[in-house]
Amino acid sequence: MIRESDHEPPVLGQVPAEAVGEDGAPRLGVYRGTLPRISLERAATAFQRRWRRKFWQYTAIVSPEVIAAAAVVNLGYVGLAFALAWDRREKRWLEREVLMPLAHGISAEGEPAESRFAYRGRAGHIVMTNTREERTIVV
């Protein structure tokens, strides 16, 4: 027999301030909130810091009129920016994608909860701002 209480969502705790506990074990679980920045920079060599870093911001918006998504990605050796939209009324697909060697034109600043990712180049621009006061996307 299935009871209604068997299907209640779990109570989510706040995200821990550190991803790794004092005992060295990762703090695995389901949490409510924004993850702290997890940095392995101290353990990385200069080569790894330049070529193995990955920063990205992705977002999607769904409404009765449109489904839209955008991303700004910096992988160190290459950058990617894209924006796409499906116009539900006109049944029309719009998209723009740009790849940039060495991530030229890409900027990524801040922590997950307070960040600004941007692409500016000949193909246009995408600016994604995420703060406690505002969340905006300009394409």
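The model is predicted, so local features need pLDDT of at least 70 and side-chain atom pairs count only at pLDDT 80 or more, while totals for chains, interfaces and linings use all residues. Residues are numbered from 1 along each chain as its sequence is written, and side-chain values use heavy atoms, with hydrogens and water left out.

**The sheet**

- Four strands form an open sheet in the order β3-β4-β5-β6, with antiparallel pairing; strands (E, at least two residues) are DSSP runs numbered from the N terminus, and two of them pair if DSSP finds at least two bridges between them.
- The edge strands, β3 and β6 (92–101), each pair on one side only.
- From one strand to the next, the twist averages 5 degrees.
- Eight bridges join β3 to strand β4 (residues 66–74) in the antiparallel sense.
- Val62 stands opposite Ile67 in β4.

**Aromatic pairs**

- The whole structure holds two aromatic pairs, defined as rings of Phe, Tyr and Trp (its six-membered ring) with centres within 6.5 Å; planes under 30 degrees apart count as stacked, over 60 as edge-to-face and the rest as tilted.
- Tyr58 and Phe82 form a tilted pair, 6.4 Å centre to centre with 50 degrees between the planes.
- Tyr58 lies in strand β3 (residues 55–62) and Phe82 in strand β5 (residues 78–87), so this pair ties together parts 24 residues apart in sequence.
- The ring centres of Trp86 and Trp93 are 6.3 Å apart and their planes are at 45 degrees, so this pair is tilted.

**Accessibility of the paired residues**

- Phe82 is buried at 18% relative accessibility, where buried means under 20% relative accessible area, exposed over 50% and partly exposed in between (1.4 Å probe, protein chains only).
- Tyr58 is partly exposed at 48%.
- Trp86 is partly exposed at 28%, and Trp93 is partly exposed at 45%.

Definitions and conventions
Axes fitted to C-alpha atoms, helices over the stretch in contact; angles between N-to-C directions.
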